[in-house]
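Work through the exercises below with the sequence and the model side by side. Try each task before reading its solution.

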Amino acid sequence: MNTNNLHQFIENMPKAELHLHIEGSFEPELMFKIADRNKIKIKYNSVEELKAAYQFNNLQEFLDIYYAGANVLQTEEDYYDLTMAYFYKINEQNVIHTEIMFDPQTHTDRGIEFLTVINGIKSAQDKAKEEFGITSKLIMSFLRHLDEDSAFKTLEQSLPFKNLIAAVGLDSSELGNPPSKFKNVFSQSIKLGFKTVAHAGEEGPAEYVWDALNNLSISRIDHGNKSLDDERLVNHLAEEKMPLTVCPLSNIKLCNVDKIENHPIKAMLNKGLVATVNSDDPAYFGGYMNENYLAVTEALNLTKEDVYQLTLNSFNASFLNEDEKSTLITKLDNYFESSK
Ligand code: ADE
Ligand code: ZN
């Protein structure tokens, strides 16, 4: 398949996204519009000035700007507009299923009600299903730079909305905040019926991946890149068929991989790992799903079969039930067959 055809194949392919922070899909134009509406002053004078600040040397430098951006969100309409903008974007990119993370503490710590956040997001999920046929799940992420008590409080606030949330997750500043810090709240979440995921091995060491596996009973690892430093861990992940939600452009923007030609996603596939492609925080990292697929495909000479495998992995690793998975995988398979 020539490059042009492979690009088209990627763009039109039915895809699933499993690692997306809704606050990280907040495009500067919408941020200014909402700030205006809420009469909040942004530290930057223009969209261009704000975009120029998106140069990060590490995760923390990004998080500082990401939390500042999220601070302009206040009303249910804001959360609806934010989420709907993401759905419009992914609909254009043929994403047919998405699992959206949100960070309740980023909002509730500023006095915004949990209800306001989740109602806005849920209305957009319903609209996207109705208008585009896109299915979606919600993952409630605990901020790991805060303490476990705060996560417990968030878990309690979520209980009236339990049927709207598929899983709990763990994000924010990884170094110094190992997964085991949240062992009890994850254990309680599982008892309540939530699935669990966690960011691990993004910036933190392979030991944090072991820690997440051993202490949080996770169904997927978010990122997991540093697992490659530990051969025993790689073998374990491959044996267990543990999915990794890999985010190529994020890894470049946060300097976790020096250049896209050195991205490990092809090596992960070669080692039998269940890697998937995701966008993480697309408004900050220069691309949504298609841009992430295209970047690694071009730089690593991925084949059409590699691209298919990555996408199949995503559908299989999703929190859809077996019937739903099978319906979406049939769509993917038909697409793949008809492209031959
Ligand atoms: N929150 C939003 N994006 C994140 C990332 N890439 N790592 C950790 N926490 C995050
Ligand atoms: Zn993430």
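**Exercise 1.** Find how many bridges join S5 to strand S6, and in which direction the two run.

*Solution.* Strands here are DSSP runs of E with at least two residues, helices are runs of H or I with at least four, and both are numbered from the N terminus. Two strands count as paired if DSSP finds at least two bridges between them. Next, look at Ala200: its bridge partner in S6 is His223.

This is a predicted model, in which local features need pLDDT of at least 70 and side-chain atom pairs count only at pLDDT 80 or more, while totals for chains, interfaces and linings use all residues. Residues are numbered from 1 along each chain as written, chains are lettered from A and ligands numbered from 1 in the order written, and side-chain values use heavy atoms, without hydrogens and water.

**Exercise 2.** Which residues coordinate the zinc ion (ligand 2)?

*Solution.* Donors are N, O and S atoms within 2.8 Å of the metal (3.2 Å for Na, K and Ca); water is not among the atoms, so sites may look incomplete. The zinc ion (ligand 2) is coordinated by His19 (NE2), His21 (NE2), His199 (NE2) and Asp280 (OD), at 2.0 to 2.2 Å. His199 lies in strand S5 (residues 195–200) and Asp280 in the loop between strand S8 (274–277) and helix H14 (282–285), so this pair ties together parts 81 residues apart in sequence. Both His199 and Asp280 are buried. (Buried means under 20% relative accessible area, exposed over 50%, partly exposed in between, with a 1.4 Å probe and protein chains only.)

**Exercise 3.** Where is Asn301, and is Asn301 buried or exposed?

*Solution.* Asn301 lies in the loop between helix H15 (289–300) and helix H16 (304–317). Asn301 is exposed, with a relative accessible area of 61%.
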